[in-house]
Amino acid sequence: MNHPILIVGSLSLKGYKITKFLRNKGYSVIGTDRKKNGGRNKANKFMRIDLRNQNNIALLLKLYSPSTIIYCTEEMKDEDQFSVVDYNPLVLQNLLIQMSQNNISEIAVCVENQPDKLNTPKDLGEFNLRMLTALFSQKYNWHSKIIDKRDNLLKEIKEFVSQQGTKNE
């Protein structure tokens, strides 16, 4: 466990649970969120940062050299269309681009659901997150995992981080 695990969205409900779980397992965790800490953070280090800017991501990755990134989407309402459709996919896209430039090849993306139809902006946003992760993972042969609310979150995270250093086949 030489390099820390970066949790993007560490103050979200899922991010908080994952951060606390990994810390209890002895992992070094760097937490980021665009919200203020508010005392809820359980990471070894926390940085409030807007990751829509690729330069911020590049600086973050160079500063901490994480081995693995876990991206937790924010819990959004359908009426918050900018955040649902634009913010989460934009941040993830920028993060994936910077991962490819910084030799980071492991990412888990925690989403709300797997939409059967694209009826709402939230469905479209979730679909975009899945497609971006799949495209980059295939192109760069990354170890990746999509975790949605039907999965056992902490079991899936435990399995994912225990396979650090493995690639998708």
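**Figure 1. Tyr-71 and its partner across the strands.** Let's start with a pairing: the bridge partner of Tyr-71 in β5 is Val-109. The two strands involved here, β4 and β5, run parallel and are joined by four bridges. Keep in mind as you look around that this is a predicted model.

**Figure 2. The largest nonpolar core.** This view picks out a set of 25 residues, the largest nonpolar core in the model. Ile-69, Tyr-71, Leu-92, Leu-96 and Ile-107 are the ones with the most contacts inside it. Who supplies the residues? At least two come from each of β1 (5-8), α2 (54-64), β4 (68-72), α3 (81-101), β5 (106-110) and α4 (121-140). Helix α3 gives the most, with six residues.

**Figure 3. Ile-69 and its neighbours.** Zoom in on Ile-69, one of the residues with the most contacts inside the largest core. What does Ile-69 touch, if we skip residues up to four places away in sequence? The list is Leu-6, Val-8, Leu-61, Leu-95, Met-99, Ile-104, Glu-106, Ile-107 and Ala-108.

Figure 4. Leu-95 lies in helix α3. Is Leu-95 buried or exposed? Its relative accessible area is 1%, so Leu-95 is buried, given that buried means under 20%. Again leaving out residues up to four places away in sequence, Leu-95 touches Val-8, Ile-57, Ile-69, Tyr-71 and Ile-107. Take Val-8: it sits 87 residues from Leu-95 along the chain, yet their C-alpha atoms are separated by 9.6 Å.

**Figure 5. Thr-19 and a backbone oxygen.** Here we move to helix α1 (residues 13-24), where Thr-19 has its place. Thr-19 counts as buried because its relative accessibility is 1%. Where does its side chain reach? The side chain of Thr-19 gets to the backbone oxygen of Gly-15, at 2.7 Å.

**Figure 6. Three rings in a cluster.** Phe-136, Tyr-140 and Trp-142 form one aromatic cluster. To describe a pair of aromatic rings, you give the distance of the centres and the angle of the planes. The model has three aromatic pairs by the rule used here. One of them is Phe-136 with Trp-142, a stacked pair with 6.1 Å centre to centre and 25° between the planes. Tyr-140 and Trp-142 are stacked as well, at 5.3 Å centre to centre and with 20° between the planes. For Trp-142 the relative accessible area is 3%, so it falls under the 20% limit for buried. Tyr-140 has a relative accessible area of 34%, so it is partly exposed.

Definitions and conventions:
Residues are numbered from 1 along each chain as its sequence is written. This is a predicted model: local features need pLDDT of at least 70, side-chain atom pairs count only at pLDDT 80 or more; totals for chains, interfaces and linings use all residues. Side-chain values use heavy atoms; hydrogens and water are left out. Rings of Phe, Tyr and Trp (its six-membered ring) pair if their centres lie within 6.5 Å; planes under 30 degrees apart count as stacked, over 60 as edge-to-face and the rest as tilted. Buried means under 20% relative accessible area, exposed over 50%, partly exposed in between (1.4 Å probe, protein chains only). A nonpolar core is a set of buried Ala, Val, Leu, Ile, Met, Phe, Trp, Tyr and Cys residues joined through side-chain atoms within 4.5 Å. Contact means heavy atoms within 4.5 Å. Two strands pair if DSSP finds at least two bridges between them. A polar contact is a pair of N or O atoms within 3.5 Å; within protein, one must be able to donate a hydrogen and the other to accept it, and residues adjacent in sequence count only if both atoms are side-chain atoms.
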